[in-house]
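Colleague: I have not looked at this one before. Can you walk me through it?

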Amino acid sequence: MSLAPSAQQRGIPMTAIPNDANPRDRGGPAQPLLIVEGLKKHFPIRGGLLGRAQAWVQAVDGVDFVVGKGETLGIVGESGCGKSTTARLLMHLMTPDSGDIIFDGDAVGTLRGLSVRDLRRQMQMVFQDSYSSLNPRMTIEDSIAFGLVAQGTSAKEARTRAASMLRMVGLTPDMFSQRYPHELSGGQRQRVNIARALTMSPRLLILDEAVSALDKSVEAQVLNLLQELKRKLELTYIFISHDLNVIQYISDRVLVMYLGKAVEIGPVDEIYRAPKHPYTRALLSSRPSMDPRQRMHAPPLSGDPPNPINPPSGCRFRTRCPIAEQVCSDNVPLLGSVEGGEAHPVACHAHRPGSGHSAAPTEGVVH
Ligand SMILES: Nc1ncnc2c1ncn2[C@@H]1O[C@H](COP(=O)(O)OP(=O)(O)OP(=O)(O)O)[C@@H](O)[C@H]1O
Ligand code: SF4
Ligand SMILES: [Mg+2]
């Protein structure tokens, strides 16, 4: 259980205020599309004859962030830090252990809020593996139309819509609608997955390593398509990638995760120009860059991340941090408030006034 007061206790409304001008945009442009607070998922490791939980993988451990309407939030972090688990929790593909997910003012999965079914109309996800995301026995047209028919749209109308979605992602229906997934290239299949995700007219698209398996030229084309669709359809994106150059290109803000925790969040230019967290610095300095102005001088990351079953006490990064001190093992550094407040919060004692870290700024000054 999170010890932080819930969103409701802190006065965030649990049902949205209607916006008459645009019924889909229920709270107006100033209201975040998504508020995530205290999101937590620990996976049991079962063993023994009775299959009881012997240990818990702390995959996502109290993550907070906000996504504004129309923005792209990039999520980065090493393999296993909890990016995909966070995405799946947002989609309710698995149930969080605790935490609040508030979509345009409506708390998800609560009696008076937004049902999971309604959430999935407004939030869709595209995965890395373009092939396994599609049914190999269904034509492209049927795959795209499937969700619409399941929601009660007539077969004829669903086919028309599938054709228009194919056109929107740059595939000619005459050439592609009757093909099967194995008859497409990886880039074409990923375009189909994007078309399928967009058939329900979602407002938020989660892209989990959606371009990572594509070669560089196809990746660039799909990234440009995503930018164009975002503008045309007024979408909001959560974009997960291990590629720091792609994240820089596509994101407005960036969330950095380390071992199940959010450690830094802020505008993309600021994070790349002046990262605050020692982990973000190390991550960025390990990025290959042809441009000498983009190279970081912090020491690159060394060693592997610790075991998420038994993470270090205090700051989880302390075992790899070049400036760790006693306070870093004694106290968990907090990220700070996610609503309003700091534009570039960081979970590091070296940046918290009065934390006891020798590099911390003097009282009242946050740098
Ligand atoms: N169903 C599960 N059961 C047990 N552990 C799991 C399960 N799913 C994920 N994990 C563990 O949770 C942690 C976070 O996994 P997750 O897939 O979210 O990482 P990720 O950041 O997406 O990594 P990658 O960049 O490799 O995709 C990992 O240690 C992983 O092994
Ligand atoms: S809290 Fe301490 S160990 Fe963690 S990143 Fe900051 S200085 Fe390093
Ligand atoms: Mg992943």
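Colleague: Start with the ligand. How many residues surround ligand 1, and which are the closest?

Modeller: This is a predicted model. In it, ligand 1 is surrounded by 13 residues, and the closest are Phe43, Ala59, Ser79, Ser84 and Thr85.

Colleague: Which elements give two or more residues to that shell?

Modeller: Strand E2 (52-67) and helix H1 (83-90) do.

Colleague: And which gives the most?

Modeller: H1 gives the most to the shell around ligand 1, with three residues.

Colleague: How do the shell residues divide into nonpolar, polar and charged?

Modeller: Around ligand 1, seven residues of the shell are polar, five are nonpolar and one is charged.

Colleague: Switching topic. Where is Ser143?

Modeller: Ser143 sits in helix H3, which covers residues 140-150.

Colleague: Is Ser143 buried or exposed?

Modeller: Ser143 is buried, because 23 other C-beta atoms lie within 10 Å, and the cut-off for buried is 20 or more.

Colleague: What is Ser143 in contact with, leaving aside neighbours within four places in sequence?

Modeller: With those left out, the contacts of Ser143 are Leu134, Asn135, Met138, Val192 and Arg196. As for Ala162, its C-alpha atom is 8.7 Å from that of Ser143, and the two residues are 19 apart along the chain.

Colleague: Which other residues of H3 are buried?

Modeller: Besides Ser143, the buried residues in H3 are Ile140, Glu141, Ile144, Ala145 and Leu148.

Colleague: What do the buried residues of H3 pack against?

Modeller: Three helices: H4 (155-168), H5 (173-176) and H6 (186-198).

Colleague: And what follows H3?

Modeller: Gly152 follows H3, and the phi of Gly152 is positive, near 105°.

Colleague: Now Lys40. Which strand is Lys40 in?

Modeller: Lys40 lies in strand E1, residues 34-47.

Colleague: Why does Lys40 count as partly exposed?

Modeller: Lys40 has 18 C-beta neighbours inside 10 Å. Buried needs 20 or more and exposed needs 12 or fewer, so a count in between is partly exposed.

Colleague: How far apart are the C-alpha atoms of Lys40 and Gly62?

Modeller: They are separated by 4.9 Å, with the two residues 22 apart along the chain.

Colleague: Last topic, the whole protein. How many helices and strands are there?

Modeller: The protein has 11 helices and 10 strands. It has 367 residues, and 40% of them are buried.

Colleague: And what share of the contacts between residues at least 6 apart join residues at least 24 apart?

Modeller: That share is 61% in this protein.

Technical notes: Residues numbered from 1 in each chain as written. Chains lettered and ligands numbered in written order. Predicted model: local features only at pLDDT ≥ 70, side-chain atom pairs only at ≥ 80, totals over all residues. Helix = DSSP H or I, 4+ residues; strand = E, 2+ residues; numbered from the N terminus. Contact = placed C-beta atoms within 7 Å. Near = placed C-beta within 6 Å. Nonpolar A, V, L, I, M, F, W, Y, C, P; charged D, E, K, R; others polar.
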